[in-house]
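Hello,

Please have a look, and then read on for what turned up.

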Amino acid sequence: MAEIDAIKDYLKKLRKVINFEAAFVFFDIGIYKKNKIDDILCCIYAKLPASYKRALKTQQMIKNYNSLLCYNLLVKHMSKKFFLDNRYCVLRIKEINNLIQAVIMCIGNDINSIEKASSEQN
């Protein structure tokens, strides 16, 4: 349970960075330092259980769990580099906030059910 809380805390930190630490904002598009985003994503990935990481790689599992789908979309959107400088990334603020909120809402239940399913297989 502590791991889930830590993951949620890192997601909230990511949301805080998205909302308040943009280098430049134009309407709903923000430009952010890529290393700051990557540091938080790395911390989130480090806290994820091994069974959840395996499920992220399985296409069938992604369809079954909302947090897997949203997390994959979140990581995909975070990798869009700014065309003028690769040290920055371009993000749609509202879309990223919605994905972060979706992951926060259902990651706890999804991790528990994935852990339960993987323990039943063994």
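A residue is called buried here when its relative accessible area is under 20%, exposed when that value is over 50%, and partly exposed in between. Please keep in mind that this is a predicted model.

Let's start with Asn 97, which sits in helix α6, a helix covering residues 93-121. Its relative accessible area is 16%, so Asn 97 falls under the 20% cut-off and is buried. What does Asn 97 touch, if residues up to four places away in sequence are not counted? The answer is Arg 15, Ile 18 and Asn 19. With Asn 19 there is also a polar contact of 2.7 Å, made between the two side chains.

Helix α6 also holds Asp 110. Asp 110 is buried too, because its relative accessibility of 9% is under 20%. Once neighbours within four places in sequence are set aside, Asp 110 is in contact with Tyr 65, Asn 66, Ser 67 and Leu 68. Tyr 65 is worth a look in the viewer: 45 residues separate it from Asp 110 in sequence, yet the C-alpha atoms of the pair are 6.4 Å apart in space.

Next, the surface. Phe 24, Phe 26 and Phe 27 make up a nonpolar patch there, and together they have about 410 Å² of accessible area. Phe 24 belongs to strand β1, which runs over residues 24-26.

Most residues other than glycine have a negative phi. Phe 27 is not a glycine, and its phi is positive, near 55°.

Finally, the cysteines. How many disulfides are there? The count is 0. For Cys 42, the nearest cysteine sulfur belongs to Cys 43 and is 5.8 Å away, whereas a disulfide needs the sulfurs within 2.5 Å, so Cys 42 is in none. Cys 70 is in no disulfide either, with the sulfur of Cys 106 as its nearest, at 5.8 Å.

Enjoy exploring!

Best wishes

Notes
Residues numbered from 1 in each chain as written. Predicted model: local features only at pLDDT ≥ 70, side-chain atom pairs only at ≥ 80, totals over all residues. Heavy atoms only, no water. Patch = residues over 30% accessible without salt bridge, like charges linked within 9 Å, V, L, I, M, F, W, Y side chains within 5 Å. Areas by Shrake-Rupley, 256 points an atom, 1.4 Å probe, with all protein chains shown as cover. Salt bridge = Lys/Arg side-chain N within 4 Å of Asp/Glu carboxyl O. Helix = DSSP H or I, 4+ residues; strand = E, 2+ residues; numbered from the N terminus. Buried < 20%, exposed > 50% of the residue type's maximum accessible area, 1.4 Å probe, protein only. Polar contact = N/O pair within 3.5 Å; in protein donor to acceptor, adjacent residues only side chain to side chain. Contact = heavy atoms within 4.5 Å.
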